[in-house]
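The sequence and structure are shown first, and the description follows.

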Amino acid sequence: MNVILLGPPGVGKGTQAKRLTEEYRIPQISTGDMLRAAIKAGSQLGKEAKGFMDRGALVPDSVVLGLVDERIRADDAKNGFMLDGFPRTVVQADTLGEMLVKQGRAIDHVVCLLAANDELVRRLAGRRTCNKCSAPFHVDFKPPRKPGVCDACGGELYQRDDDKEEAIRTRLVTYDTQTKPLIEYYKGKKLLRSVDGLGSMDAVYARIREALGPA
Ligand code: AP5
């Protein structure tokens, strides 16, 4: 099953993708996580991406497309994948479609999670992320068992540079202007399922499963 998880920053894409990939046995492919790994590794690509990410702007399409093209060809993605945070522009969506046609594959579902901006800001401002496995936590909604330590792998939790107030505001505008048009794009292809992202993490998970159908 080839799935795209679409939605604004902070709506819960990463949270849900991590759980869904276990049940559906397909890898989560998060371009945000891949870019943050490149920054941590100090690679040229990471250095290029950091400035864009810290201020809440999109990294150039050419950079992200190269990463995804290679990643979806990997062995663990042969039977499907869950794209989280990609595509984010119409150019990325068009190019993804072309890549998949060349591989004789296609997108099966696009799930778009939705929530109001005040809830997104609340989620982003309180988020803490594991520096080892990228698992998301929240100071109020999902506190770790031991403060500052990841429940899953014991890694250290940190606050992302783009989870500060000014970058959050820019990211929401970036989403509205550059990524939101993908809702109509995938509606036009009859692939889009809109899912309410409000409520408990379990409730949202159950809605996505219903939209995707059985594993
Ligand atoms: P990326 O890392 O993809 O960030 P994003 O899309 O802005 O999404 P987030 O990770 O912020 O949120 P999420 O929806 O995954 O929410 P989460 O589950 O963590 O991208 C970062 C940057 O990289 C971009 O700004 C851009 O610069 C660059 N980039 C990445 N991809 C790119 C691309 N394709 N093209 C160009 N540039 C790209 O949840 C958020 C918080 O809410 C957590 O604390 C969580 O615990 C909590 N939470 C989740 N669900 C619930 C719930 N139901 N109730 C209460 N709290 C909840």
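Asp 76 is partly exposed, with 43% relative accessible area. The model is a predicted one. Asp 76 belongs to the loop that runs between helix H4 (61–71) and strand E3. Apart from neighbours within four places in sequence, Asp 76 is in contact with Pro 27 and Arg 71. With Arg 71 there is a polar contact between the two side chains, at 2.8 Å. Asp 76 and Pro 214 are separated by 138 residues in sequence, and their C-alpha atoms are 20 Å apart.

### The ligand and its surroundings

The ligand has 34 residues around it, and those that come nearest are Thr 15, Ala 57, Arg 88, Arg 127 and Arg 171. By class, the residues of this shell comprise 15 nonpolar, eleven polar and eight charged. Helix H1 (13–24), helix H2 (31–41), helix H6 (117–125) and strand E6 (136–138) each contribute at least two residues to the shell. H2 gives the most, with four residues.

| Residue | Protein atom | Distance to a ligand oxygen atom |
|---|---|---|
| Gly 14 | backbone N or O | 2.8 Å |
| Thr 15 | side-chain N or O | 2.6 Å |
| Arg 171 | polar side-chain atom | 2.5 Å |

Taken alone, the ligand exposes 1000 Å², of which the protein buries 96%.

Which residues of helix H8 (residues 181–188) are buried? They are Leu 182, Ile 183, Tyr 185 and Tyr 186. Viewed down the axis of H8, these buried residues fall within an arc of 160°, so they line one face of the helix. The exposed residues Glu 184 and Gly 188 are carried on the face of H8 that is turned away from the buried side.

The cover over the buried residues of H8 includes both strands and helices: strand E1 (2–6), helix H5 (90–102), strand E4 (109–114), helix H7 (165–179) and strand E8 (192–196).

Although Lys 190 is not a glycine, its phi is positive, at about 60°. Is Lys 190 buried or exposed? With 75% relative accessibility, Lys 190 counts as exposed.

### Backbone geometry in other loops

Most residues other than glycine have a negative phi, and most peptide bonds are trans. Against this background, two further sites deserve mention.

Ser 134 has a positive phi, near 70°, and is a residue other than glycine. Ser 134 is found in the loop between strand E5 (127–130) and E6.

The peptide bond between Phe 86 and Pro 87 is cis, with an omega of about -5°. Pro 87 is placed in the loop between strand E3 (81–84) and H5.

Thr 174 is located in helix H7. The relative accessible area of Thr 174 is 9%, so this residue is buried. When neighbours within four places in sequence are left aside, Thr 174 is in contact with Gly 56, Ala 57, Leu 58 and Thr 179. One of these, Ala 57, is also among the residues that come nearest to the ligand.

Ser 30 is placed in strand E2 (residues 28–30). Ser 30 is buried, with a relative accessible area of 8%. A polar atom of the side chain of Ser 30 lies 2.9 Å from the backbone nitrogen of Asp 33.

Note on methods:
Residues are numbered from 1 along each chain as its sequence is written. This is a predicted model: local features need pLDDT of at least 70, side-chain atom pairs count only at pLDDT 80 or more; totals for chains, interfaces and linings use all residues. Side-chain values use heavy atoms; hydrogens and water are left out. A residue is near a molecule or strand if one of its heavy atoms lies within 4 Å of it. A polar contact is a pair of N or O atoms within 3.5 Å; within protein, one must be able to donate a hydrogen and the other to accept it, and residues adjacent in sequence count only if both atoms are side-chain atoms. Accessible areas come from the Shrake-Rupley method with a 1.4 Å probe; for residues, only the protein chains shown count as cover. Ala, Val, Leu, Ile, Met, Phe, Trp, Tyr, Cys and Pro count as nonpolar, Asp, Glu, Lys and Arg as charged, and the others, Gly among them, as polar. Buried means under 20% relative accessible area, exposed over 50%, partly exposed in between (1.4 Å probe, protein chains only). The arc is that of the directions from the helix axis to the C-beta atoms. Contact means heavy atoms within 4.5 Å.
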